[in-house]
Amino acid sequence: TVYPCDAPRPLASSLNYGPGTTAPNEVIARLSPTGTICLFTLAEIDLVADVTGWAANPSAYAPLVPARLLDTRPGQATIDHLFEGQGNRQAGSTLELPITGRGGVTAGATAAVVNVTAVNATAAGFVTVYPCDAPRPLASSLNYTPGTASPNEVLAKLSPTGTICLFTLADVDLIVDITGRLG
């Protein structure tokens, strides 16, 4: 979990990993007032962090303390107890997920930075994240396989009503954490 060091560690993941694997992920993180981030690991790992850019102020980008907005696994919580424990997403289904008004995303936001994680997949597949007022694009935002936790950070345009849609090719549980907004 990557978070500003002046905030409590949130119930959200920035990267998921397993034994014997290399697991990359892009993270856009808010800095603490002293210019630091904290990196929490649940299990012992070797960790590499590269800085690839920064945003000057004032900027349309607003980093947020990570917050969980969706967790379909039974018994798991979200920041506002909405969209939690719905169960495995069925193959070929699309979920419309409200983003604005949750986890620090204000009305008028035009895009969101979300970390999408696929777990408990029954077959290889992919997730496509897109604004719900547009046709589903022929592109994947995240690819997954059975027996792995597969995360990816996505900069997603919001629909005019402040939602994103998540299409899943194969049965899978989905987790979505908000980490930033634009607009």
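Visitor: Which element supplies the largest share of the lining of the largest cavity?
Guide: This is a predicted model. Two elements, strand 1 and strand 3, each give at least two residues to that lining. The largest share is 3 residues, and the element behind it is strand 1.

Visitor: How many cavities of 30 Å³ or more does the whole structure hold, and what is the volume of the largest?
Guide: The search of the whole structure returns 1 cavity at that cut-off. The space inside the largest cavity is about 50 Å³.

Visitor: What is the volume of the second largest pocket, and which residues lie closest to its centre?
Guide: The space in this pocket comes to about 240 Å³. It has 16 lining residues. Closest to the centre are A23, T148, A149, S150 and P151.

Visitor: Which element gives the largest share of the lining of the second largest pocket?
Guide: Strand 7 and strand 8 (150-157) are the elements that give two or more residues to the second largest pocket. The largest share is 3 residues, from strand 8.

Visitor: Which residues touch the most other members of the largest nonpolar core?
Guide: This core has 28 residues. Elements giving two or more of them include strand 3 (61-71), strand 5 (111-119), strand 9 and strand 10 (173-182). The members that touch the most others are I99, V116, I164, L166 and I178.

Visitor: Which residues does I178 touch, leaving out those up to four places away in sequence?
Guide: I178 is one of the core members with the most contacts to other members. Its contacts beyond four places in sequence are L64, V65, P66, A67, L69, I99, G103, V105, A112, V113 and V114.

Visitor: How many disulfides are there, and what is the pairing of the bonded cysteines in sequence order?
Guide: The whole structure has 2 disulfides. One joins C5 and C38. The other joins C132 and C165. Numbered in sequence order, the pairing is 1-2, 3-4.

Visitor: Why is the disulfide of C5 and C38 given its handedness?
Guide: The two sulfur atoms are 2.1 Å apart. The torsion about the S-S bond is about 125°, so the disulfide of C5 and C38 is right-handed.

Visitor: How far apart in sequence are the parts that C132 and C165 tie together?
Guide: The sulfur atoms of C132 and C165 are 2.2 Å apart. C132 lies in the loop between strand 6 (125-131) and strand 7 (142-144), and C165 lies in strand 9 (residues 163-168). The pair therefore ties together parts separated by 33 residues.

Visitor: Is C165 buried or exposed?
Guide: The cut-off for buried is under 20% relative accessible area. C132 has 21%, so C132 counts as partly exposed. C165 has 7%, so C165 is buried.

Methods:
Residues are numbered from 1 along each chain as its sequence is written. This is a predicted model: local features need pLDDT of at least 70, side-chain atom pairs count only at pLDDT 80 or more; totals for chains, interfaces and linings use all residues. Side-chain values use heavy atoms; hydrogens and water are left out. A disulfide is a pair of cysteine sulfur atoms within 2.5 Å. Helices (H or I, at least four residues) and strands (E, at least two) are DSSP runs, numbered from the N terminus. Buried means under 20% relative accessible area, exposed over 50%, partly exposed in between (1.4 Å probe, protein chains only). On a 1 Å grid over the protein atoms alone, a cavity is a set of points where a 1.4 Å probe fits but cannot get out, and a pocket is an open set with protein on both sides within 12 Å along at least five of seven lines; lining residues have an atom within 4 Å of a point. Grid points are joined across faces, edges and corners, and a volume is the space filled by probe spheres set on the points. A nonpolar core is a set of buried Ala, Val, Leu, Ile, Met, Phe, Trp, Tyr and Cys residues joined through side-chain atoms within 4.5 Å. Contact means heavy atoms within 4.5 Å.
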